[in-house]
Amino acid sequence: MSQARHAILNVTRRELTGYFSTPVAWVFIVIFLVMAGVFTFYIGSFFERGISDLAPFFQFHPWLYLFLVPAISMRLWAEERRSGTVELLLTLPITTWQAVAGKFLAAWLFIGLALILTFPVWMTVNYLGSPDNGAIAAAYFGSWLMAGGFLAIGSCISALTQNQVVAFIISVVVCFGFLLSGLPMVMNLFSGWAPQAILDAIADFSFLAHFAAISKGVIDIRDVFYFGLVIVFWMIANTIILDLKKAD
Amino acid sequence: MGELRIEARSLSKHWGDLKAVDDLSFTVDSGEVLGFLGPNGAGKSTTMKMLTGFLTPTSGTAVINGHDIISNSLAARQSIGYLPEGAPSYGELTVRQFLQFIARVRGFSGTQASSKANAAIERLNLTDVREQTIETLSKGFKRRVGLAQAILHDPAILILDEPTDGLDPNQKHEVRDLIHEMASDKIIIISTHILEEVSAVCNRAMIISDGRLLVDDTPAGLIGRSRYHNAVTLVVEQPEKVASRLSELPGARKVELREGELTVFPSEGAALLEVVSEAIRENHWDVSELRLEAGRLDEVFRQVTQEVQP
């Protein structure tokens, strides 16, 4: 067990070192913060609403993640496969699963860091009024969980190709599907021929539906469980795909 | 730990209809430096990828120090240092960061990881570039970083896929010296398409083609298979005239004239040098060069690998 933890954390550490020794990390963080600010204050009408909460901030997170998380995840495995380092990594005494988990964790922590750096928004709302800080903490947690879902999908798709651009585009499309899968435009594709049970299941897959409650500060164990399940499912798929495709 | 030994048992890897490696069996023991020779696409790299646990064999297996590479892959990998083809490494890291990562994954922690990384840096003469990111280094340095990574944990088994590819003659020499230094208590497997390398570093050579083992011999044994083995070559005035006289000598099977050089091939077991020297003295030929051929590896290689082609 401790060997596994050791292996995962070493991979995580290497990844994070890699992030911060290139401009990628800084570019990402700056763009994330600018976009989050633009959405919150201009499109979300943070000031005009006159309500002291962070709903305008969190409501755009799914859309922010839709493009920014695949930008992080696209290189996770595509780059390893293109440069051949995947052969180095997977012949070290670690399992494929440990490598997948280590890289996922690094990217997830990195997005967590970007999220933490949005704290001026939180300070602003506390300066202007007295929001429910417990609800805000819950929403932050939910947002990070959802980012993990997007990331697990993106990481898995990144293992399918050696081309980062292809990985990015396919990830955005798949994430978009998961995001919208409760909305009429997706449901209409299935209603009429698919049985009700499947319709319910598809509707239940929607990131938006599961994020909606958490972003209001309500942590329902089912929503947490849902995102946890999404992450684990895609990480297992990631491991299997990697084992099948690594040598291509 | 078990005894130091690699045993490949009917190792095969098929990609659809293509048999990249086909029923390969061999055993390597401590102290052996084994060279994999073969044309491009012969299955050398694929075999190494299976031994190191990167690829799962389609059938068959290999046992490394008593650990099966399929059922006990992690334990098998512990005792192996591996330089993959092209010496891939994480370009955005510095040499020191990269080697420390390898050391930690290999199970060393804290100061021990640092000292292992430093030792490898010194061993491969990387001290001057230790704080440079790997992507800024020349090809020769990158290759040495790859080698440093492979030997860092002082593995009992070294598997090096084209370790001197892209190095200049001095660097090649250094790498060969390194292999010599480490060879006595290890198993070293290298793949190469540079034939002189086999005589330079290996004490055993295997020629592989189309995924099958064609020859397993010592380098001297390989050279001995050459038709040039123990032949005598000379450069002489009026070679045509001399050629006809030479072909009448006892023990001479055949005489060939190529690019101004006459080569006399011996019949089975005959020693020609003395006979030829004698003839030169008797006939007062004007000889400017005379040498005994050891054999030509490239010719053996071509002969062996092309025989099997349809």
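I'll start with one residue. B:Glu259 is exposed, with 5 other C-beta atoms within 10 Å. The cut-off for exposed is 12 or fewer, so a count of 5 puts B:Glu259 in that class. B:Glu259 sits in the loop between strand S12 (252-258) and strand S13 (261-266) of chain B. Its phi is near 50°, which is a positive value in a residue other than glycine. For context, most residues other than glycine have a negative phi. Please keep in mind throughout that this is a predicted model.

There is a second residue of this kind in chain B. Phi of B:Asp23 is near 55°, again positive and again not a glycine. Where is B:Asp23 placed? It lies in strand S2 (residues 18-29) of chain B. B:Asp23 is partly exposed, with 15 other C-beta atoms within 10 Å.

Now chain B as a whole. It has 11 helices and 14 strands. Its C-alpha atoms fill a box of roughly 75 × 45 × 35 Å along the principal axes. Of the 310 residues in chain B, 42% are buried. If you take the contacts in chain B with a separation of 6 or more, 68% of them are between residues 24 or more positions apart.

Next, the sheet. Six strands of chain B form an open sheet, and the order is S6-S7-S8-S3-S9-S10, with mixed pairing. The edges are strand S6 (80-83) and strand S10 (212-217) of chain B, each of which pairs on one side only. From one strand to the next, the twist averages 15°.

S6(B) and S7(B) run parallel and are joined by four bridges. One of the pairs is B:Gly81 with B:Leu158, the latter in S7(B). In a regular strand the side chains alternate between the two faces of the sheet. In S6(B), B:Ile80 and B:Tyr82 point one way, while B:Gly81 and B:Leu83 point the other way. Are these four buried or exposed? All are buried.

Further along the order, strand S3 (residues 33-37) of chain B runs parallel to strand S8 (residues 187-192) of chain B, and five bridges join them. B:Leu34 has B:Ile189 in S8(B) as its bridge partner.

Two helices I want to mention pack against this sheet. Helix H11 (residues 297-307) of chain B touches S3, S9 and S10 of chain B, and its direction makes about 40° with that of S9(B). Helix H1 (residues 44-51) of chain B lies across S3, strand S7 (157-161), S8 and strand S9 (204-209) of chain B. H1(B) runs at about 145° to S7(B).

Why do I call H1(B) largely enclosed by the rest of the structure? Because eight of its eight residues are buried. By name, they are B:Lys44, B:Ser45, B:Thr46, B:Thr47, B:Met48, B:Lys49, B:Met50 and B:Leu51. After H1(B) comes B:Gly53, with a positive phi near 85°.

On to chain A, and one helix pair in it. Two packed helices are described by the angle between their axes and the distance between the axes. For helix H9 (residues 133-158) and helix H13 (residues 207-215) of chain A, the angle is about 160° and the axes are 8 Å apart. The two helices are therefore roughly antiparallel to each other. The crossing of H9(A) past H13(A) is right-handed.

Which residues meet there? From H9(A) we have A:Ala138, A:Ala139, A:Gly142, A:Met146 and A:Gly149. They meet A:Phe207, A:Phe211, A:Ile214 and A:Ser215 in H13(A). By class, this contact has six nonpolar residues, three polar and no charged.

Last item, the contact between the chains. How many residues does each chain bring? Chain A has 19 residues in contact with 22 residues of chain B. On the chain A side, the elements that give two or more residues are helix H1 (2-20) and helix H6 (85-89) of chain A. H1(A) gives the most to that side, with five residues. The chain A side divides into seven nonpolar, 10 polar and two charged residues.

That is what I have for today.

Methods. Residues are numbered from 1 along each chain as its sequence is written. Chains are lettered from A and ligands numbered from 1 in the order in which they are written. This is a predicted model: local features need pLDDT of at least 70, side-chain atom pairs count only at pLDDT 80 or more; totals for chains, interfaces and linings use all residues. Two strands pair if DSSP finds at least two bridges between them. Axes are lines fitted to C-alpha atoms, for helices over the stretch in contact, and angles run from 0 to 180 degrees between N-to-C directions. Two residues are in contact if their C-beta atoms, placed from the backbone, lie within 7 Å. Ala, Val, Leu, Ile, Met, Phe, Trp, Tyr, Cys and Pro count as nonpolar, Asp, Glu, Lys and Arg as charged, and the others, Gly among them, as polar. A residue is buried if 20 or more other C-beta atoms lie within 10 Å of its own, exposed if 12 or fewer, and partly exposed in between; C-beta atoms are placed from the backbone. Angles under 35 degrees count as roughly parallel, over 145 as roughly antiparallel, 65 to 115 as roughly perpendicular and the rest as oblique. A crossing is left-handed if the near helix is turned anticlockwise from the far one by less than a right angle, and right-handed if clockwise.
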